[in-house]
Every structure is written in structure tokens, then in C-alpha cells.
Amino acid sequence: MATLNITYDGHSADVPVELERHISDADVRRIAVELVRSGGVPGLHRFQLRDEAFQHYVVDRFRGAHGEERIYLRPKVPFGAC
């Protein structure tokens, strides 16, 4: 089990996802589109979300304090780049 945090349109929400293996960044983006469209992410239901809505988003992966997987899908930010 992993927690996927999606930030979109100024809102952010966590949703548990069951993963049997490591998935690619492209799969994370595809899963996020499906979850948001279906209303599976609290506060982020967007029925008309485009397939490429998260195409340029960053996927960050971390381990929580107890070893749980956390995946963050967030927009790129204009600061911090070299």
C-alpha cells in the first residue's frame, strides 16, 4: 500500500493506492487522472480532466517514518532550478 498525494488547481489530497510493484512516473500520472476523474480523490473530482493533465508534473517518491511509500504528484515550480 502506498499513499499518493496529488496537487492540482491549488488543492492537495492524499489517496491510498495498492501497488504490487514499483510503477513508472507515467503510470503514476495515468492512475492520478483516473482517480481524479472518478472522484476517488477527496476534494479533487474533475470529470472533464484531460488525459495529459499531469504530463509535466513532477513525481517525487519518499519513505515515511515507518517505511511506508509516499508518492507526490505536483506541478513544477519556477524557483529552485539552476
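**Grounds for the salt bridges**

Modeller: Please note that the model is predicted. Glu34 forms a salt bridge with Arg30, with the closest N and O atoms 3.2 Å apart.

Colleague: Why is the contact of Glu34 with Arg30 called a salt bridge?

Modeller: The cut-off is 4 Å between a side-chain nitrogen of Lys or Arg and a carboxyl oxygen of Asp or Glu. The closest N and O atoms of Arg30 and Glu34 are 3.2 Å apart, so the pair qualifies. Both residues lie in helix H1, 4 residues apart, about one turn of the helix.

Colleague: What makes Glu34 partly exposed?

Modeller: Its relative accessible area is 43%. Buried requires under 20% and exposed over 50%, so Glu34 falls in between.

Colleague: Which residue forms a salt bridge with Asp27?

Modeller: Arg30 does, the closest N and O atoms being 3.7 Å apart, and this value is also within 4 Å. Arg30 and Asp27 are 3 residues apart in helix H1 (residues 25-38), which means a separation of about one helical turn.

Colleague: How do you know that Asp27 is partly exposed rather than buried?

Modeller: Asp27 has 22% relative accessibility; buried would require under 20%, so Asp27 counts as partly exposed.

Colleague: How many salt bridges does the rule give?

Modeller: The count comes to 8.

Terms used. Residues are numbered from 1 along each chain as its sequence is written. This is a predicted model: local features need pLDDT of at least 70, side-chain atom pairs count only at pLDDT 80 or more; totals for chains, interfaces and linings use all residues. Side-chain values use heavy atoms; hydrogens and water are left out. Helices (H or I, at least four residues) and strands (E, at least two) are DSSP runs, numbered from the N terminus. Buried means under 20% relative accessible area, exposed over 50%, partly exposed in between (1.4 Å probe, protein chains only).
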